[in-house]
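Trainee: Before the details are discussed, may I see the sequence and the structure?

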Protein chains: 2
Amino acid sequence: MSAKIGQRSTKQRAAVAAALAEVDDFRSAQDLHDVLRRRGDLVGLTTVYRTLQALTDSGDIDVLINSDGESIYRHCGQSAGHHHHLVCRKCGRTVEVEGKAIERWTDAIAHEHGYSDITHTMEIFGLCPACARESTEAMS
Amino acid sequence: MSAKIGQRSTKQRAAVAAALAEVDDFRSAQDLHDVLRRRGDLVGLTTVYRTLQALTDSGDIDVLINSDGESIYRHCGQSAGHHHHLVCRKCGRTVEVEGKAIERWTDAIAHEHGYSDITHTMEIFGLCPACARESTEAMS
DNA sequence: ATGTTTATTGATAATGCTTTTCATTAAGGC
DNA sequence: GCCTTAATGAAAAGCATTATCAATAAACAT
Ligand SMILES: [Mn+2]
Ligand SMILES: [Mn+2]
Ligand SMILES: [Zn+2]
Ligand SMILES: [Zn+2]
């Protein structure tokens, strides 16, 4: 929402924002750096990292850590409101999912054990239809 | 469950297992390496990593990736079966929770979108009763 | 427009976790 | 005890991310 990621607007930050808008999958900083290079926007890798960090801090994009321990970023559709993700572990294709049931369940469990001030993380990983098809074709 | 982490039993593996039994919160490989050193068990860091990897693969211990992207391990009570955790963000106190509802829900969502080969992560964080009490006392 | 200030950039070096190498050691079966 | 080979671990490599710091360029004043 708020674009307050710094006090000066630069072409580098605009380029990172554009790249995030173009691909709407979760991507690593280095992936996005490559996307930028292919687009013709020469932005330093350091700046990509810095900008993603700033956008994450301001809540404008979502970040999650994949099973390799690497951070991946995404500009979410309705960045307003708590939601979760179904992510393809191969290509990053993402579906945003919302689940009141989960929210209620985690709160119930936590209170049951006397825990307060609850938060939770929850992401689903799998192979998207396209990547699954690719996999089976490769076997034949 | 199965202790089949290899075909030979060594004192190093026994030492790692003992260290895991002694501390029952989530710890990094390097933390456990220090615990071993303090115990007087000289086990190479490489071996600690390898053993934790093996124990994780065989399902004997749980691993999760913290917000720094570092893997932390824990020997769980009933190590049989998939489960999740309710972790105190202050002191690390952990409660193991099981939730068939979550498992069914994630699978349903994933299949609904055509995703296959599903896994998921889900952890609950909060303040345990003891830490919450401490917090309110500090305010008075 | 030109100059001044200083936030921002980015090439490079450094950090830190984890994995790979590979020569040495020691289980387990005989 | 001997043999086979899994297992160990010191050292090097790999890899994502962060820290440095001199050069650059927004924002603002003149
Ligand atoms: Mn999202
Ligand atoms: Mn557990
Ligand atoms: Zn995919
Ligand atoms: Zn606590």
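Trainee: In which sense do S2(B) and strand S3 (residues 71-74) of chain B pair?
Mentor: Strands are DSSP runs of E of at least two residues and helices are runs of H or I of at least four, both numbered from the N terminus. Two strands pair if DSSP finds at least two bridges between them. Between S2(B) and S3(B) there are 4 bridges, and the sense is antiparallel.

Trainee: What kind of model is this?
Mentor: Residues are numbered from 1 along each chain as its sequence is written, chains are lettered from A and ligands numbered from 1 in the order in which they are written, and side-chain values use heavy atoms, with hydrogens and water left out. Local features need pLDDT of at least 70, side-chain atom pairs count only at pLDDT 80 or more, and totals for chains, interfaces and linings use all residues: the model is predicted.

Trainee: Which residue is the bridge partner of Val63(B) in S3(B), and which residue of the hairpin takes a positive phi?
Mentor: Val63(B) has Tyr73(B) as its bridge partner in S3(B). The hairpin of S2(B) and S3(B) has 5 residues between the strands, and the positive phi, near 80°, belongs to Gly69(B).

Trainee: In chain A, what is the order of the strands in the open sheet of 3 strands?
Mentor: S2(A) is joined to strand S3 (residues 71-74) of chain A by 4 bridges, running antiparallel, and Val63(A) stands opposite Tyr73(A). The pairing throughout this open sheet is antiparallel, and the order is S1-S3-S2. The edge strands, each pairing on one side only, are strand S1 (27-28) and S2 of chain A.

Trainee: Is His85(A) buried or exposed?
Mentor: Asp62(A), with a relative accessible area of 22%, is partly exposed. His85(A) has 3% relative accessibility, so this residue counts as buried.

Trainee: What is the average twist of the open sheet formed by 6 strands?
Mentor: The order is S5(A)-S4(A)-S6(A)-S6(B)-S4(B)-S5(B), with mixed pairing. Strand S5 (94-97) of chain A and strand S5 (94-97) of chain B are the edge strands. From one strand to the next, the twist averages 20°.

Trainee: In this sheet, which residue is the bridge partner of Leu86(B)?
Mentor: Strand S4 (residues 84-88) of chain B is joined by 4 bridges to strand S6 (residues 116-127) of chain B, and the two run parallel. In S6(B), the partner of Leu86(B) is Ile124(B).

Trainee: At what angle do helix H1 (residues 11-22) and helix H2 (residues 29-39) of chain B pack?
Mentor: Axes are lines fitted to C-alpha atoms, for helices over the stretch in contact (contact means heavy atoms within 4.5 Å), and angles run from 0 to 180 degrees between N-to-C directions. The axes of H1(B) and H2(B) are 10 Å apart, at an angle of about 100°. Since 65 to 115 degrees counts as roughly perpendicular, H1(B) is roughly perpendicular to H2(B), at about 100°.

Trainee: Which residues does Tyr49(B) contact, leaving aside its neighbours within four places in sequence?
Mentor: Tyr49(B) belongs to helix H3 (residues 45-57) of chain B and counts as partly exposed, at 37% relative accessibility. Leu32(B) lies 17 residues from Tyr49(B) in sequence and 9.6 Å away in space, C-alpha to C-alpha. With those neighbours left aside, Tyr49(B) is in contact with Ala29(B) and Gln30(B).

Trainee: What share of the residues in chain A is buried?
Mentor: Chain A has 5 helices and 6 strands, following the pattern α-β-α-α-β-β-β-β-α-β-α. Its C-alpha atoms fill a box of roughly 55 × 55 × 25 Å along the principal axes. Of the 140 residues in chain A, the buried share is 39%.

Methods
Buried < 20%, exposed > 50% of the residue type's maximum accessible area, 1.4 Å probe, protein only. Parallel < 35°, antiparallel > 145°, perpendicular 65-115°, else oblique.
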